[in-house]
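Okay, thanks for having me, everyone. Let me put the model up and walk you through a few spots.

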Amino acid sequence: MSQEILLLEDDDSLNHSIAYKLKKEGYTVHSAFTVKDALSLFQNKNLSLIICDISLPDGNGLDFCSRVRQESNVLLLFLTALDREEDIVAGYRQGADDYITKPFSITALTAKVGALLKRFPTDAPKSIISGDITLYPEEGRAAKKDSYLSLTAKEYSLLSFFMENPMRILSRNQLLEAIWDIEGNFVDENTLSVNIRRLREKIEDNPSTPAILKNVRGLGYIWERKCEKR
């Protein structure tokens with residue numbers, strides 16, 4: 001599974017150039033052009049690194065960095081035209097792990113990204129535990145109590161997405177985009193409901209009562225149990 005990178009850069013040409021190069025290197029890149037979009041991606045993706053410009057149309061990278069640091073230790077790399085010492089120090093104080101000043105070569109940035117991710121690897125947890133359900137991300141399997149569950153690929157992907165985002169309402173669109181990648185593809189409106197029903201039948205003792213995986217009418221679904229990563 002490739003490492004995921006959030007790229008927050010409002011210059012359209014530069015954003016696409018960086019994203020193209022990083023994707024060629026095997027990374028999964030989520031591009032954002034505003035702080036608002038970046039926050040949404042940060043909250044819904046399993047990120048290894050955030051590459052962030054400082055001057056943005058709806059805020060600045062320093063404030064975004066501060067917000068991220070309240071919730072996560074994800075790696076942060078600043079892109080900035082500000083090469084004054086005080087600006088660099090301010091970035092580090094807000095939690096940045098490294099920076100690169102504009103103009104820069106895309107090759108140099110890619111090398112810095114690779115070095116950062118090797119120096120501070122963000123490995124996936126060996127397991128995610130929620131009650132009597134255990135997810136094993138490296139194996140792509142899940143167990144209930146002491147027995148492995150017989151899950152389809154979609155059921156496993158759904159379970160994984162829910163357990164990585166516990167106690168949070170996930171909309172139908174979020175789930176369809178995450179699991180089925182629906183952009184440009186037709187997905188029957190009942191597909192999600194059917195797969196969730198089948199998943200519940202396998203993970204819950206009494207599927208008629210949504211004790212773990214609950215449908216929040218008009219909003220989406222929620223995994224109503226805390227998860228522990230180990």
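So, Ser 127 first: it's buried, at 10% relative accessible area, where buried means under 20%, using a 1.4 Å probe and protein chains only. Quick caveat: this is a predicted model, so local features need pLDDT of at least 70 and side-chain atom pairs pLDDT 80 or more, while totals for chains, interfaces and linings use all residues. Numbering runs from 1 along each chain as its sequence is written, and side-chain values use heavy atoms, with hydrogens and water left out.

Beyond neighbours within four places in sequence, Ser 127 touches Thr 134, Leu 135, Tyr 136, Pro 137, Glu 228, Lys 229 and Arg 230, contact being heavy atoms within 4.5 Å.

Now, cores. The largest nonpolar one has 25 residues, and Leu 158, Phe 162, Leu 192 and Trp 223 are among those with the most contacts inside it. By nonpolar core I mean buried Ala, Val, Leu, Ile, Met, Phe, Trp, Tyr and Cys joined through side-chain atoms within 4.5 Å. Which helix gives the largest share of this core? That's H6, with 6 residues. Leu 192, sequence neighbours within four places aside, contacts Leu 158, Arg 172, Leu 175, Leu 176, Trp 180 and Tyr 221. Apart from this core lies another, of 20 residues, including Ala 32 and Phe 78.

How values were computed
Buried < 20%, exposed > 50% of the residue type's maximum accessible area, 1.4 Å probe, protein only. Helix = DSSP H or I, 4+ residues; strand = E, 2+ residues; numbered from the N terminus.
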